[in-house]
Amino acid sequence: MQLFAFISLLTAVRAIVVPAVDSSGHFHSPVPLDVAPQGKNVTINGVLTYVSLPKGKFDPTIAVLMLTDVFGLPSPDNLVLADQWAAAGFATFAPDYLNGDALPTGGNITAWAVNHGEAQTTPPLLAVVSALKSRGVKQIATTGYCFGGLYTTRLVQNNTIAVGTMAHPSSLNVPTDFELVKAQSHVPVEINNAELDTGFTPALAVETDGVLGDGQYPPGYFRRQFDGVGHGFAVRANASDPVQVAAKQGAFDTSLAFIKKHLK
Ligand SMILES: *[C@@H]1O[C@H](CO)[C@@H](O)[C@H](O)[C@H]1NC(C)=O
Ligand SMILES: *[C@@H]1O[C@H](CO)[C@@H](O)[C@H](O)[C@H]1NC(C)=O
Ligand SMILES: *[C@@H]1O[C@H](CO)[C@@H](O)[C@H](O)[C@H]1NC(C)=O
Ligand SMILES: *[C@@H]1O[C@H](CO)[C@@H](O)[C@H](O)[C@H]1NC(C)=O
């Protein structure tokens, strides 16, 4: 008992909250995107949601819930990413859980974050989740980017979804949040991280493996690191940089394969 308490104390002392990476640390495409968003903005249960549907037939009992970064729906990169999920065969929903107040490019993330805690962010997120469920969606696959990584983790912890993937997560607590996943969840988790991320660093990624890796999490865990890229790489890539382009596509493919493997 005493030893256990001591170990818990050590863990608590080591636990750190992954800092949000400043806006200047995010790459924004220098060239306009050459593809226009294919989806539509729809109000679902009072929440503005970007909805992108596959062109062909799809299973309406499955949905991808895409949790964007702090740049939200005003960022075309996020909409085009949602379209990529739709093109992979999934009805895709990206709720505006930033309450109409996405961070502008170059905005001050520290000041912005004051009004974007869990108290403000969770209600619109759960409003869309419950609407999807009441419309017959049986399995939600969540894919979260940066800020969305924390909320993907919460949905995993709460067993709200069928499978969760995230890229360069921020604002969650390592290792505590993953210990909570291990203790109470049955939802498979996948993480794409960047070698050059100053928030969810490779060291924190390895620490996460220490909690969930090596078969310690029977529902399923996979992590892949992408070298030569930084925070935000799974959302935005410099089209002239083949390393960034390949990493962004690799992150998508890795999450997609994990989701397909774990949906029933
Ligand atoms: C959806 O809404 C966002 C946020 O208001 C806006 O920036 C975006 O252009 C809209 N997209 C579409 C396809 O209407
Ligand atoms: C960003 O906002 C924080 C909190 O309001 C403030 O302390 C800081 O000086 C601001 N940073 C910049 C670069 O304006
Ligand atoms: C998860 O559950 C906790 C504890 O009940 C709750 O406070 C939180 O709002 C939930 N978050 C999400 C995203 O479901
Ligand atoms: C994009 O990549 C090209 C080729 O590596 C480089 O010359 C350019 O500076 C990059 N642009 C940005 C904004 O990083």
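The following dialogue goes through a predicted model and the reasons for the terms applied to its parts.

Trainee: What makes the radius of gyration of the protein agree with a compact globule?

Mentor: For 264 residues the globule rule gives a value near 18 Å, and the protein has 18 Å, so the two agree. Along the principal axes, the C-alpha atoms fill a box of roughly 60 × 40 × 35 Å. Buried residues make up 44% of the 264.

Trainee: What share of the contacts joins residues at least 24 apart?

Mentor: Taking contacts between residues at least 6 apart in sequence, the share is 73%.

Trainee: How many helices and strands are there, and where does UniProt place a domain?

Mentor: The protein has eight helices and 10 strands. The UniProt record, an unreviewed entry, puts "domain: Dienelactone hydrolase" at residues 49-262. An annotation of this kind may be inferred rather than shown by experiment. In the model that span is 40% helix and 19% strand, and its end C-alpha atoms lie 25 Å apart.

Trainee: Why is α2 called largely enclosed?

Mentor: A residue counts as buried if 20 or more other C-beta atoms lie within 10 Å of its own. Nine of the 12 residues of α2 pass, so the helix is largely enclosed by the rest of the structure. Those that pass are D77, N78, L79, V80, L81, A82, D83, W85 and A86. They pack against β3 (47-52), β4 (62-67), β5 (91-95) and β6.

Trainee: How do you know that the span of α2 is close to the expected one?

Mentor: Helix α2, residues 76-87, reaches 16 Å from its first C-alpha to its last, and 16 Å is expected at 1.5 Å a residue. After α2 comes G89, with a positive phi near 110°.

Trainee: What span does α8 have against its expected value, and which of its residues are buried?

Mentor: Helix α8 has 21 residues, 242-262, and reaches 30 Å, close to the 30 Å expected. Its buried residues are Q244, A247, K248, A251, T254, S255, L256, F258, I259 and H262. An α-helix has 3.6 residues a turn, so residues three or four places apart point the same way. The cover over the buried residues of α8 includes β6 (139-145), β7 (163-167), β9 (189-194) and β10 (221-226).

Trainee: Why is H116 counted as buried?

Mentor: The cut-off is 20 or more, and H116 has 20 C-beta neighbours inside 10 Å, so H116 counts as buried. H116 sits in the loop between α3 (109-113) and α4. Beyond its neighbours within four places in sequence, H116 is in contact with L98 and T121.

Trainee: What makes the phi of C146 worth a remark?

Mentor: Most residues other than glycine have a negative phi, and most peptide bonds are trans. C146 is not a glycine, yet its phi is positive, near 50°. C146 lies in the loop between β6 and α5. With 28 other C-beta atoms within 10 Å, C146 is buried.

Trainee: Is N159 buried or exposed, and why?

Mentor: Exposed means 12 or fewer C-beta neighbours; N159 has 12 inside 10 Å, so N159 counts as exposed. N159 also has a positive phi, about 55°, without being a glycine. N159 belongs to the loop between α5 and β7.

Trainee: Which residues surround ligand 3, and how do they divide by type?

Mentor: The residues around ligand 3 are T122, L125, L126, Y151, R154, L155, N158 and T160. Two or more of them come from each of α4 (118-134) and α5 (147-157). By type there are four nonpolar, three polar and one charged.

Trainee: What makes up the shell around ligand 1?

Mentor: P37, N41, Y50, L73 and P74 do. That shell has four nonpolar residues, one polar and no charged.

Definitions and conventions
Residues are numbered from 1 along each chain as its sequence is written. Chains are lettered from A and ligands numbered from 1 in the order in which they are written. This is a predicted model: local features need pLDDT of at least 70, side-chain atom pairs count only at pLDDT 80 or more; totals for chains, interfaces and linings use all residues. Helices (H or I, at least four residues) and strands (E, at least two) are DSSP runs, numbered from the N terminus. A residue is near a molecule or strand if its C-beta atom, placed from the backbone, lies within 6 Å of it. Ala, Val, Leu, Ile, Met, Phe, Trp, Tyr, Cys and Pro count as nonpolar, Asp, Glu, Lys and Arg as charged, and the others, Gly among them, as polar. The radius of gyration is taken over C-alpha atoms; the globule rule is 2.2 Å times the number of residues to the power 0.38. Two residues are in contact if their C-beta atoms, placed from the backbone, lie within 7 Å. The expected span of a helix is 1.5 Å times one less than its number of residues.
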